[in-house]
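We will walk through it together, one region at a time.

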Amino acid sequence: MPTTAADYIKSHIRTVPDWPSAGVQFRDITPLLSNPRVFRVLIDQFVHRYFDAKPTAIAGLDARGFIIGSVLAYELNIGFIPIRKKGKLPFTTVEETYELEYGSATVEMHTDAVKPGDRIVLIDDLIATGGTMMAGAKLLQRLGAQVVEGAAIVDLPELGGSQRLQQSGLPLFTLVDFDGH
């Protein structure tokens with residue numbers, strides 16, 4: 001029986017072997033979202049962490065960061081900022097390209113999404129290599145916002161992303177970690 005909220009959350013994350021390719025242990029968060037009790041425990045962990053921090057907004061990374069981030073923003077009574085994959089936003093954008101294991105990707109956000117001095121919590125579902133979160137933080141900072149903390153449900157420490165993010169100066173909070181990828 002799980003003894004902490006983190007253990008409870010971790011016990012509901014499904015591992016799918018060999019997806020999307022052989023040797024990968026995919027950490028699937030969809031069971032966290034489909035069970036209302038687990039989803040409440042999950043969101044409450046973030047609400048309690050950021051309630052007194054008084055962020056201006058929550059920025060969520062495309063796409064699973066939208067799920068957690070928008071609910072968290074609602075619970076904290078603050079705004080939500082989507083950071084999307086390139087080509088998905090209709091207004092003037094600023095973009096950041098980052099490297100992946102198999103190439104590169106670009107994320108973007110609206111140029112009016114933040115203003116100088118805004119205090120932002122940046123959230124995603126999982127930290128692997130850290131590239132997406134690093135790109136999101138750079139976008140926010142480029143527009144003058146302060147990234148209070150990067151946050152995720154899952155950390156895959158063996159892939160080095162959390163260490164890379166912390167070494168860049170970004171404070172990081174994750175609920176659970178899994179060895180192996």
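What follows is a tour of strands, salt bridges and a pocket.

This is a predicted model, in which local features need pLDDT of at least 70 and side-chain atom pairs count only at pLDDT 80 or more, while totals for chains, interfaces and linings use all residues. Residues are numbered from 1 along each chain as its sequence is written, and side-chain values use heavy atoms, with hydrogens and water left out.

Let us begin with strand E8, residues 146-155. Helices (H or I, at least four residues) and strands (E, at least two) are DSSP runs, numbered from the N terminus. Strand E8 is mostly covered, with nine of its ten residues buried; buried means under 20% relative accessible area, exposed over 50%, and partly exposed in between (1.4 Å probe, protein chains only).

Now look to the neighbours of E8. Strands E7 and E8 run parallel and are joined by eight bridges; two strands pair if DSSP finds at least two bridges between them. Together, E7, H5 and E8 form a right-handed β-α-β unit. Right-handed here means that, with the strands pointing away from the viewer, the path from the first strand over the helix to the second runs clockwise. Strand E8 also pairs with strand E9 (residues 172-177), in the parallel sense and over five bridges. Asp 155 has Asp 177 as its bridge partner in E9. Between E8 and E9 the chain passes through helix H6 (residues 161-167), and this β-α-β crossover is right-handed too.

Next come the salt bridges. Side chains of opposite charge can pair when their charged atoms come close. The structure holds nine salt bridges, each defined as a side-chain nitrogen of Lys or Arg within 4 Å of a carboxyl oxygen of Asp or Glu. Arg 64 and Asp 125 form one of them, with their closest N and O atoms 2.5 Å apart. Since Arg 64 lies in helix H4 and Asp 125 in strand E7, the pair ties together parts that are 61 residues apart in sequence.

Another salt bridge brings together the side chains of Glu 96 and Arg 142, at 2.1 Å from N to O. This pair links distant parts of the chain, with Glu 96 in strand E5 and Arg 142 in helix H5, 46 residues apart. Glu 96 is buried, with a relative accessible area of 14%, while Arg 142 is partly exposed at 43%.

A further salt bridge joins the side chains of Arg 40 and Glu 75 (3.9 Å, N to O). Arg 40 sits in helix H3 (residues 36-50) and Glu 75 in helix H4 (residues 64-76), so parts 35 residues apart in sequence are tied together. Arg 40 counts as partly exposed at 46% relative accessibility, and Glu 75 as partly exposed at 33%. Salt bridges that share partners join Arg 40, Asp 44 and Glu 75 into one network.

The last stop is the largest pocket, which holds about 1,100 Å³ of space. It is lined by 33 residues, and those closest to its centre are Arg 64, Leu 100, Tyr 102, Leu 126 and Ala 128. On a 1 Å grid over the protein atoms alone, a pocket is an open set of points where a 1.4 Å probe fits, with protein on both sides within 12 Å along at least five of seven lines, and lining residues have an atom within 4 Å of a point. Grid points are joined across faces, edges and corners, and the volume is the space filled by probe spheres set on the points. Among the elements that each supply at least two lining residues are strand E5 (93-100), strand E7 (119-127) and helix H5 (131-142). The largest share, four residues, comes from E7.
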